[in-house]
Amino acid sequence: MYLIVNFLEQSKLLAAKRFVLQREYFDTFKQAFPNYKQLLQKGIYQCIIYFSREKYKAAYCAQRGSLYYNTDKLEIIFNDFKELDVTSGDIHKRLRRHGYVKGWINRKDKIYLPLVCIIEDEDDFEEIRKNMPSGVIRDSDFLARLRKLEKQNDWKGMCDLFEPLEKIREKDIWNDPDVLYGVGFACSKMADFERERLKEKGYLENKRRYRELCIEILKRCCELDSHNYSHVLALGYRHYKNVLELTQPKGRRDGNVKKEIELALEWNNRALELNPDSIKAHYRIGRIMDKRVDNYRYSVKQWSKEVFDAIEEMEFNAVGHLEKAVELYEKIGEHEKAKKDNHREYVRSLYSLAKYYCEKTQMNDWLYQYYLLNLLNGQFQIKQIMEQDKRNLNAAKEYIDKCFESLFNTKPNPDIDFTHLASQYDENSELKKLSIIDMLYRMGLIYLYLYFMEVIRGKNSSINMEEYGNKAGTYLRAAKRVANLYRSKGVNRRNTYYINNWLAWYYILTGNLKSAEHEIKGAKDGYVKCTYAIVLLLFKQDSKYTLAEQILEPLLNDDKSRSRAAVLLACIYRLSGQEQKYSRLISGIAQKHNMWARRFIAKIESERNKR
Amino acid sequence: MRVDRLDETLIFESQDKELFLSCFQEPRKLPEYIEKEILKLVFDSLKLDINGNDDVTLLIKRLPTPFINKVIFDVESMFSDEMSLYSDGVHESAALYLGRHLSYLMYYLPVNVFKVWKPLVDLQVKDKLKWKMRILDIGTGPGSVAVGIMEYYRMMAEAFPYLNFVLSFVLLDGQREFLTIAKRLINSLTAYMPPNLFVSIEESICRTLDSPEDISVSGEFDLITMSNFLTINEMRNSQNAVAIVSALKDSLKKDGSVIIIENGIKNNCLSFKTIRNDLVNQGVYNVYSPCNGIWQPKKEYSCTCFNMVRCFWEIPLIYKFLRDHGLKKGGRYDVPFNYAILRKDGKTKYRAEGNNRFYVQLKDLREYIDRTVNVKAIIRTVIDRGDKISVSLCDGSMDLGIDDDSSAVWIEPVDKEWLVKKGLNLPIVAAEKITLKKVKVIAHGTFVVIPRLRMQGSTEIEIEY
Ligand SMILES: C[S@@+](CC[C@H](N)C(=O)[O-])C[C@H]1O[C@@H](n2cnc3c(N)ncnc32)[C@H](O)[C@@H]1O
């Protein structure tokens, strides 16, 4: 029998020369080695001591010593040590691996690495003690090597097997679709782009290299084996990623979005031909089509009914694919592998759908109209569009709730401790499925809209009102808290003023203007400043009107918020009786501002004329 | 590479991999200085003067023709059946080698030098070699094994100049002539060793081992080697073998190894395996390698299958010269042999695997005809057919007799080039562990169905050395 003992620090060992295992530590030991008495009775041949707080210090080997134990205590006395040329960290790592292999560490049953471990087999002990590399010399074929590296997520290693990849056409494997697929897949991973690193020297070139190689190699794969769903899907995935990378805010811009969209659709559609039930392909097509709509919107010069219809149709198709992905996923049996493999796409489809339905509503406009017209004592009429928006919002709500449930295995409710949930949520693997901040934010927003819907219906319009309000507030606050938590951990540094913005709206709706003001006072983004301006207006104080004016006027030159600012300014001018400024503003409105602003001002005008 | 502070073994680190890969990748080449020292020894024994500056090709040309013809005759007749009839008890080996020591030195020493590398690598990959080794070589002959071990350690000493290596040999042979040659050769070769490798001959014992009592050597050894000693060519030895090798146990350190090397001839293989089986089944030793059980540790051996390992080498200059002068033997670039490493501490090169959930044992293969399976096994033997090779497997789950080669599990012949294209760079050698994923099981044979394995495009192969 062999022992491996964990001392916190080397100095402790040298001072005490004694190790006592008791209380909960002894319990962990007993859990891992329930038959410890029998084992220890066989005698101890050797003992290693490592220091868990001093990973880089050498481990020790105890030469002589004695051991006492009873049912609640184990005591070891060391007489003599020898330093080994293996570090404590190495011993710890090997020991833990060994424990998992042997099954005496077991996360599921909550059995952890005890401070004292018993190793029965001399070979095992030697492997740990000498930190021997296991199975050192290996000769494997490319497939086996690729597979092994893939298991370790060593994408670079996989690519390196065939460097220089530029010459891969000249190699024999150029005719082997299985191997090419492995390399192409690895290149795709190597090409994955993180916008945070955009500015690093050579980063973009490096990514481009792998990207281009990936496409070349995977195309060849599809050529060799055109009926292989995985190959086609992988190529589709690369183009899909390209689209996302090129369209994400602050992403890379070294590519042609339009072309990538077409290629992504082409290859993912081919994947669907080979496997019509491909959840991944449906999801990706849905997402890309959605991007195509955005792209199309930007390119439109002349808006017309045809254009609107075209967009409507594209959106309809996109939603169709996402809904199909959801439907297919829900048909999979509980324990099938596909359930796990496609979970990410499922969750994201649900999220995309929730987002789509949420944004399809014009609640944001209604909020503006509601408050501004109220201020101007105008009539707010939304009956005609209510039904449509209500349907969309209900769909959004259903999708987002389902999304939450599927991700966290529990139905969302305001009593959940979201920060705790977030800190448990595996930041690396699960976060990639979906950002918990986005999720909470979207839930908050949807419930906020629902709440608003009830508010405009009039007081006590429904029993749901309180519930919606409570949820909206809780989720948005939770989103903010989690964002702060991640920021403090350095995980997410994204600007989260968009959350404050909607939290401010929540306070507006609940009539808590002070909190609303506090929430967004320092905001830099135009649209948040606009919300801030509304808060200021609602105070109905002259000094606040002036402040709002000062904030809004510069925004007239801001491309993104100029229309909103114009509308708000128009209201302020009216409220504060600055007729001249008002006329100047509305005379320019036709050239400078969008449809929304024009319509809105027209409404204000007509209200004015009524009186 | 580093030395363990507790047991002084050499610990192989992953960056050392390349060095050992080269042991498999390239054929071994007998350094010219060895050939030169062999020739110098020959000239000396023939009492002929030489110019010390001459290189091997020049030296070899100076050998007198009658001597060359004698060497060729000796080599071709030495172990032929006819000569083996000389048996007269203790003196049989004396008779066998009478007047032929120089021929043995010139021809059999070179071919036997590198065989010992295979067992040495087996030990090394599991950190069983020490920086300092005390070795007992039984049946030294002209010193082939010692020279082989020296060469192996020279390679290490050159690769790891920051480490020191020490080899000390105790040589034992029944024939003084051989011991004289061995001592002289080893001593002359020490001049070529790097400064961090110290080689010495501790003792040379001229004694004929006829019974276990004859083994009385002082101290314990890290390594006891016997190369072409138990062979049936050495007549009585194979009868005494079990007793003699058993008796050696007391001279072996508790973490020491016995290396037995034999030639690749079928009859010899049978006797060698029988001896091995007896030694293990009587509980004297365990087999460290080859022939480990893949799924369970193998405690009993009843298998006597006919197989062999190969050592790839470049034909040395002396051989080329002899062949130019009419020698028919010695054209093989792959030398077949058999070996076993025995230990008394129960350690094995490959440890039995716990998890066989995704694999099929070879004994069960016939239930999987036409299906694609995963298999793990030791490569039993490899047959080279020019462009193609056939490989036979053993996982310890079936016992074969010496003539059961055809009922063993074979992989259908594959193109060597195909393997290279797949990315397998090293020649496939017997005794290594192979993992095959997605191989197809094919029915073979007319009366009895014998399963064979067929490699497919999607087959994954991995060989562990
Ligand atoms: C075939 S040679 C092998 C030499 C060398 N080990 C090699 O592999 O090239 C066998 C050697 O064993 C010696 N030998 C054979 N039987 C012996 C015995 N019973 N006692 C001592 N020496 C013996 C012979 O003298 C001869 O030198």
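This is a predicted model: local features need pLDDT of at least 70, side-chain atom pairs count only at pLDDT 80 or more; totals for chains, interfaces and linings use all residues.
Q: Thanks! How many salt bridges are there across the interface?
A: The rule finds 14 between chain B and chain A, a salt bridge being a side-chain nitrogen of Lys or Arg within 4 Å of a carboxyl oxygen of Asp or Glu. One of them pairs A:D123 with B:K347, at 3.7 Å from N to O.

Q: Which elements of chain B supply residues to the side that touches chain A?
A: At least two residues each come from β1 (2–3), α1 (17–25), α14 (416–422) and β16 (460–464) of chain B. Of these, β16(B) gives the most, with five residues. Helices (H or I, at least four residues) and strands (E, at least two) are DSSP runs, numbered from the N terminus.

Q: And what is the area buried between the two chains?
A: About 3,200 Å², with carbon and sulfur atoms giving 46% of it. Buried area is the accessible area (1.4 Å probe) that two parts lose on being put together, summed over both. On the chain B side, B:R5, B:L6 and B:R351 supply 22% of the area buried against chain A, more than any other three residues.

Q: Back to β16(B): which strand of chain A is joined to β16(B)?
A: Strand β7 (residues 138–140) of chain A runs antiparallel to β16(B), and three bridges join them; strands pair if DSSP finds at least two bridges between them. In that pairing A:R138 stands opposite B:E464.

Q: New topic: which residues come nearest to the ligand?
A: Out of 20 residues around the ligand, the nearest are B:G139, B:S144, B:D173, B:S227 and B:N237. Near means that a heavy atom of the residue lies within 4 Å.

Q: What about N and O atoms of B:G139 and the ligand?
A: A backbone N or O atom of B:G139 is 2.8 Å from a ligand nitrogen. The side chain of B:Y104 has an N or O atom 2.9 Å from a ligand oxygen, and a backbone N or O atom of B:G141 sits 3.5 Å from an oxygen of the ligand.

Q: Which peptide bond is cis in chain A?
A: The one from A:E163 to A:P164 is cis, with omega near -5 degrees. A:P164 lies in the loop between α7 (155–160) and α8 (177–191) of chain A. In chain B, B:S289 and B:P290 are joined by a cis bond with omega about -15 degrees.

Q: Last one: how far apart are the closest N and O atoms of A:K305 and A:D309?
A: They are 2.8 Å apart, in a salt bridge. A:K305 and A:D309 are separated by about one helical turn because they are four residues apart in helix α13 (residues 305–331) of chain A.

Note on methods
Residues are numbered from 1 along each chain as its sequence is written. Chains are lettered from A and ligands numbered from 1 in the order in which they are written. Side-chain values use heavy atoms; hydrogens and water are left out. A polar contact is a pair of N or O atoms within 3.5 Å; within protein, one must be able to donate a hydrogen and the other to accept it, and residues adjacent in sequence count only if both atoms are side-chain atoms.
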